[in-house]
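Here is a briefing on the structure shown below. It goes topic by topic, in short points.

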Amino acid sequence: MMAEKKFEHSRNSLVWMENITKKFGTITALQDINFGVEKGEVRALLGDNGAGKSTLIKILMGVHTPSSGQIYFEGKPVQINSPKEAREIGIEAVYQDLALVNLMSISRNFFLGREMEKKIGPIPFLDIRNMEEICRNSLHDIGIEIRSASERVGSLSGGERQSIAIGRGVYFGAKVLILDEPTSALSVAETRKVLSYIENARSRNLAVIFITHNVHHVYMVADSYTVIRQGCCVGTYFKGELSEDDIADLITGDREC
Amino acid sequence: MAVGGYLFGGLAMAGQPLLGFLLALVVTALLGVINGVILVSTGIPSFIVTLGTKYLYRGLLWVITAGTMLQTVDRLPMYNVLNGRLEFLNQFFKQANFRNSLIWLLVLVIVFQIILSRTRFGNHVFAVGGNAGAALGQGVNVRKVKILCFAISGLMAGISGILLFSQYYTVRVASGDGMDLYAIAAAVVGGTLITGGAGSIWGALIGALIISMLRSGVVLMNISFIPADNFEAIVGVTIILAAIFNNYLRNRN
């Protein structure tokens, strides 16, 4: 099944999740999943609603611990116990609704949890001017233009919000960027823009995991596709091996591999 | 508020005003921490938590004090420092009664406005109020922020109890009852979003001023169909109008 294409996944990949099984009580959410991503690769994680995509990613982010299986990061076995730990080793997730605080400004969101401070006397204050400048410049570097870093996130479009969350991950040195349905609520033009930011992240040698149930959103940009259905890995395919329709059939189960 | 008043008043009457002052601050902050811990460990809405503990704390106070009110005729210098008459302001106005609490108010407003808008903790307060999930995702310790907010809230109630006793030399179990809703009203009138994530200390100050002015104004105007006891009706109308207006302002930018 593994082809001789560009990205071979093994324990030496940037991320390798081996034989991951997750049980919630008597329900098996995931069964022996192997999944990995390499630097400079966009990996699509496809599956219908409830197939287990989110569970798999939550295991990688340290929200859930797997019932069995092992995660390897940069070739070494790791145990990730919380989203904070995931972030510390360089795994950054962009969730659809849980990425940004709409009532706060762009720069405050950008630096949330990693605020820059300057001391006036013994007391640390927020270095707002510096944060706004760095925020604007670093977003500009990856091709995202904003009107003002002090603008509230709530007044931005869905695509702009996604781009800011992506830009934040890139700026703070993420090695793996996990995008959860980044394009599902966007217009065609905005989708195209967000895809261009993803390509930009790939060209910076980041690993991108693109989670979606809609193969059309990811077909053009992904280097490889992993399809899961009802908690089981249907298969992993590389660019050009299968058509969009073939993959869609694999997601729904209309076609067996 | 009553807890702060009793602790300060009781110990001051026993000759330990400074100890009473510190203990009142510590205990009220701790009661706030308990509120916060209940909130983060049960996940029930904060309004319900504080509504419950408000009755509980007052009940405990009633048991401990046997319901007796404290009253003193001593004029300790500490009372004067905390909430004596501000003569240098009063001399300009006939029958004015400005008190030191005005200074404490302004100091606290400035300090907390700076904390809220210019520090990491303030940033986290807005983030937790606006989208706790996003804050958690970015590594903000949501539980800690919530508990700290409740501790500050308890502390401020304690300070108000101390100031109240310093001014009137008396405290009852029911002291400050009903002030909680005025506090919420002041915050809402001043632009605080009841759903969280937006607001300011300046705004709350202005809200408190508007409500207090209405109270005095309604009494002084002596409107026949609005007796002084009924000024709540005016507050009610103000809250709704202010909320509509704030909504309008918020949607406009």
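**A buried asparagine in chain B**

N246(B) touches V188(B), V189(B), G190(B) and G191(B), leaving out residues up to four places away in sequence. The residue belongs to helix α12 of chain B, residues 231-252. N246(B) counts as buried because its relative accessible area is 14%, under the 20% cut-off. The model is predicted, and the points below should be read with that in mind.

**Confidence in chain A**

- Chain A has a mean pLDDT of 86, and 95% of its residues reach 70 or more.
- Helix α3 (residues 106-110) of chain A has the highest confidence in the chain, at a mean of 94.
- Strand β12 (residues 232-238) of chain A has the lowest, at a mean of 82.
- Residues 1-5 of chain A stay under 50 in pLDDT. For this stretch the model has 12 contacts beyond four places in sequence.

**Nonpolar cores**

- The largest nonpolar core holds 49 residues. L46(A), I106(A), L139(A), L177(A), I198(A) and I247(A) touch the most other members.
- Helix α6 (residues 188-203) of chain A gives this core its largest share, five residues.
- A second, separate core has 27 residues, including L14(A), L30(A), I80(A) and I178(A).
- In soluble globular proteins, nonpolar side chains tend to be buried together.
- L46(A) is in contact with K53(A), T212(A), N214(A), V215(A), V218(A), Y225(A), T226(A), V227(A), I228(A), I247(A) and I251(A), with neighbours within four places in sequence left aside. I247(A), one of these partners, is also among the core members that touch the most others.

**Aromatic rings and charges**

- The whole structure has 14 aromatic pairs over all chains.
- Y219(A) and Y225(A) form a stacked pair, with 5.5 Å centre to centre and 15° between the planes.
- Both partners of that pair are buried: Y219(A) has a relative accessible area of 16%, and Y225(A) is at 1%. Y225(A) is also one of the contacts of L46(A).
- In chain B, one aromatic cluster is formed by F8(B), F21(B), Y79(B), F165(B) and Y169(B).
- R75(B) places its charged end over the ring of Y169(B), 3.9 Å from the ring centre.
- In chain A, the charged end of R114(A) sits over the ring of F172(A), 3.8 Å from its centre.

**Interface between chains A and B**

- The size of an interface is often given as the accessible area lost when the parts come together.
- Here chain A and chain B bury about 1900 Å² between them. Carbon and sulfur atoms account for 52% of that area.
- L103(A), L112(A) and E115(A) supply 25% of the area that chain A buries against chain B, more than any other three residues.
- The contact draws 21 residues from chain A and 24 residues from chain B.

**Positive phi values**

- Most residues other than glycine have a negative phi.
- E181(A) has a positive phi, near 45°. This residue lies in the loop between β9 (176-180) and α6 of chain A, and it is buried, with a relative accessible area of 11%.
- A66(B) also has a positive phi, near 55°. Its place is the loop between α3 (46-65) and β1 (70-71) of chain B.
- A66(B) counts as exposed because its relative accessible area is 54%, over the 50% cut-off.

Terms used: Residues numbered from 1 in each chain as written. Chains lettered and ligands numbered in written order. Predicted model: local features only at pLDDT ≥ 70, side-chain atom pairs only at ≥ 80, totals over all residues. Heavy atoms only, no water. pLDDT = per-residue confidence, 0-100. Helix = DSSP H or I, 4+ residues; strand = E, 2+ residues; numbered from the N terminus. Contact = heavy atoms within 4.5 Å. Core = buried A, V, L, I, M, F, W, Y, C linked by side-chain atoms within 4.5 Å. Buried < 20%, exposed > 50% of the residue type's maximum accessible area, 1.4 Å probe, protein only. Phe/Tyr/Trp six-rings, centres within 6.5 Å; stacked < 30°, edge-to-face > 60°. Lys NZ or Arg CZ within 6 Å of the ring centre and 35° of its normal. Buried area = accessible area lost by both parts, 1.4 Å probe.
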